[in-house]
Amino acid sequence: LLSGYPDETFRGNRALSRYEFASILAIVLENLQRFNDREDDIRTVRQLQAIYQDALDVLKKRVQNLDGRLMDLEQQQFSTTTKLSGRADLVLTNGTDAKATVISRTRLNLNTSFSGQDMLVAQLEAGNDGLDAIAINQERKGNRLSTLGLLADGGGLEMVGVPSQIRVRRLYYTFNPLDQVTVAVGTALPPSDFIDRNRLANTSGQNFASSLFGNNPLIVQNEIDRIGGAGFAVDWRLQENLAVRGLLAAADAGSAQNGLFGDRYQASLEAEYQFKLPITLRLQYTNARINGTSINAVGVNGEWAITRYAAVFGRLGFGSYNGFNAVLSQDLELSPKSWAVGGIFQNFIIPGSKAGLALGQPFMSPDLGNRTQTNVEAYFGLLLNDSINFSPSLMYITNPDNKKGASIWQWAIRMTYTF
């Protein structure tokens with residue numbers, strides 16, 4: 001009567017539940033005619049039937065409920081090809097004029113493909129509203145050039161200030177209308193997902209923790225990138241080593257008054273060329289309008305893998321900021337420059353480790369403040385396994401917010417878990 005499980009295993013050392021026993025008993029009852037010459041067995045079976053009748057009734061109801069729920073799922077299923085991944089950052093940090101604190105941020109990614117050639121990207125994000133010493137000190141000075149900077153991103157830990165309420169950080173759909181052409185359309189497109197990428201310096205949890213070294217603050221506008229914007233992006237690979245990209249992202253596109261081209265928006269173009277040497281060069285242009293200020297900026301982004309174990313990167317930007325900034329309550333006529341350089345070393349001292357050193361100036365402008373802010377970061381990263389990265393770092397900022405004043409020191413110990 002019993003041949004085993006559907007996978008042809010018997011599992012004889014496994015405990016038997018009441019529901020499973022009731023199911024087996026039902027099979028026996030259906031085959032009673034095979035036991036007509038065994039009255040004692042028939043009597044025993046009938047006693048078992050009476051004892052387990054309640055379990056049989058419950059099992060029948062459960063099966064009926066499961067059938068109904070399965071039918072609903074089949075009719076209402078969203079996709080059978082959604083993949084879940086995630087990342088959690090925990091950072092213990094302290095620094096100048098601040099107290100030791102723990103900053104956390106968690107991101108969950110739901111990537112869904114309907115045809116195998118497309119992707120619906122959705123990312124949920126939540127944190128603990130944590131601030132580091134750099135953000136706290138910058139906020140006291142005006143918060144123009146911090147990680148949460150109102151003018152540009154030139155701050156410390158890039159995971160600060162994430163609210164505890166779950167929010168949608170990414171939501172866009174990518175597809176290929178033509179060979180070598182990828183289009184993304186959505187309501188939450190962070191520009192840094194599509195332009196100004198750099199394998200050595202983008203903040204992925206396994207390199208620099210400072211937001212400044214993740215992107216060029218003149219090319220990727222902080223007011224758009226941190227919250228994402230509605231719009232589209234196009235990636236056209238003209239040749240194997242040549243690609244052209246463009247995007248439009250509007251942070252307030254949900255307002256009929258602003259739309260896609262109203263304040264706040266960012267439109268960018270980028271051309272990327274990969275040389276025969278392990279060198280990649282990107283030329284960039286951004287036009288934006290942020291809080292009443294018109295912005296135009298050009299930039300260059302390069303990386304060079306000198307050996308398997310050492311690489312360098314650099315960014316340079318020139319911009320023009322004009323118009324009354326309603327948030328800062330200041331009329332701006334600025335021609336800022338921005339630069340950053342750094343080096344990465346693989347297998348540094350310990351096999352599987354990585355170390356890096358970078359410095360830069362986010363917003364060089366004689367008409368903004370009386371000094372120029374300078375950022376420095378050194379870090380050491382060690383992959384404990386395929387999922388956990390342990391990374392202590394040291395950060396130093398002089399003349400924060402482009403104002404003469406005390407420098408800011410900050411240390412951080414970051415644990416990043418990916419799954």
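The structure holds 19 salt bridges. A salt bridge here is a side-chain nitrogen of Lys or Arg within 4 Å of a carboxyl oxygen of Asp or Glu. Side chains of opposite charge can pair when their charged atoms come close. This is a predicted model: local features need pLDDT of at least 70, side-chain atom pairs count only at pLDDT 80 or more, and totals for chains, interfaces and linings use all residues. Residues are numbered from 1 along each chain as its sequence is written, and side-chain values use heavy atoms, with hydrogens and water left out.

**Salt bridges**

- Arg87 forms a salt bridge with Glu158, with the closest N and O atoms 3.6 Å apart. The pair links distant parts of the chain, 71 residues apart. Arg87 is in strand S1 (residues 82-95), and Glu158 is in the loop between helix H4 (133-141) and strand S4 (167-178). Helices (H or I, at least four residues) and strands (E, at least two) are DSSP runs, numbered from the N terminus.
- Arg87 and Glu158 are both buried. Buried means under 20% relative accessible area, exposed means over 50%, and partly exposed lies in between (1.4 Å probe, protein chains only).
- Asp196 forms a salt bridge with Arg315, and their closest N and O atoms are 3.1 Å apart. This pair also links distant parts of the chain, 119 residues apart. Asp196 sits in the loop between strand S5 (181-189) and helix H5 (222-225), while Arg315 sits in strand S11 (residues 310-325).
- Asp196 is buried, at a relative accessible area of 0%. Arg315 is buried too, at 6%.
- Arg245 forms a salt bridge with Asp235, with the closest N and O atoms 2.9 Å apart. Arg245 lies in strand S7 (residues 242-250) and Asp235 in strand S6 (residues 229-239), 10 residues apart.
- Arg245 is buried, with a relative accessible area of 11%. Asp235 counts as partly exposed because its relative accessibility is 23%.
- A network of salt bridges links Arg199, Asp235, Arg245, Glu270, Glu272, Arg282 and Glu303.

**Strand pairing**

- S5 and S6 pair in the antiparallel sense over seven bridges. Two strands count as paired if DSSP finds at least two bridges between them. Ala184 stands opposite Ala233 in S6.
- S6 and S7 pair in the antiparallel sense over nine bridges. In S7, the bridge partner of Ala233 is Leu247.
- A hairpin of two residues joins S6 to S7.

**Helix H1**

- Helix H1 (residues 18-30) has 13 residues, which should span 18 Å at 1.5 Å a residue. The expected span is 1.5 Å times one less than the number of residues. The end C-alpha atoms of H1 are 19 Å apart, which agrees.
- Ala22, Leu25 and Val28 are buried in H1. Seen down the axis, the buried residues of H1 fall within an arc of 110°, so they line one face of the helix. The arc is that of the directions from the helix axis to the C-beta atoms.
- An α-helix has 3.6 residues a turn, so residues three or four places apart point the same way.

**Met364**

- Met364 lies in strand S14 (residues 353-364). Met364 counts as partly exposed because its relative accessibility is 26%.
- Leaving out residues up to four places away in sequence, Met364 touches Ser335, Pro336, Lys337, Trp339 and Thr372. Contact means heavy atoms within 4.5 Å.
- Met364 and Ala250 are 114 residues apart in sequence and 26 Å apart in space, C-alpha to C-alpha.

**Backbone geometry**

- Most residues other than glycine have a negative phi, and most peptide bonds are trans.
- The peptide bond from Asp263 to Arg264 is cis, with omega near 10°. Arg264 lies in the loop between S7 and strand S8 (265-274).
- Gln180 has a positive phi, near 70°. Gln180 lies in the loop between S4 and S5.
- Ile349 has a positive phi, near 70°. The loop between strand S13 (337-346) and S14 holds Ile349. Ile349 is exposed, with a relative accessible area of 72%.

**Whole chain**

- The chain has five helices and 17 strands.
- The radius of gyration of the chain is 29 Å, whereas a compact globule of 419 residues would have one near 22 Å. The radius is taken over C-alpha atoms, and the globule rule is 2.2 Å times the number of residues to the power 0.38.
- The C-alpha trace spans about 105 × 45 × 45 Å along its principal axes.
- Of the 419 residues in the chain, 43% are buried.
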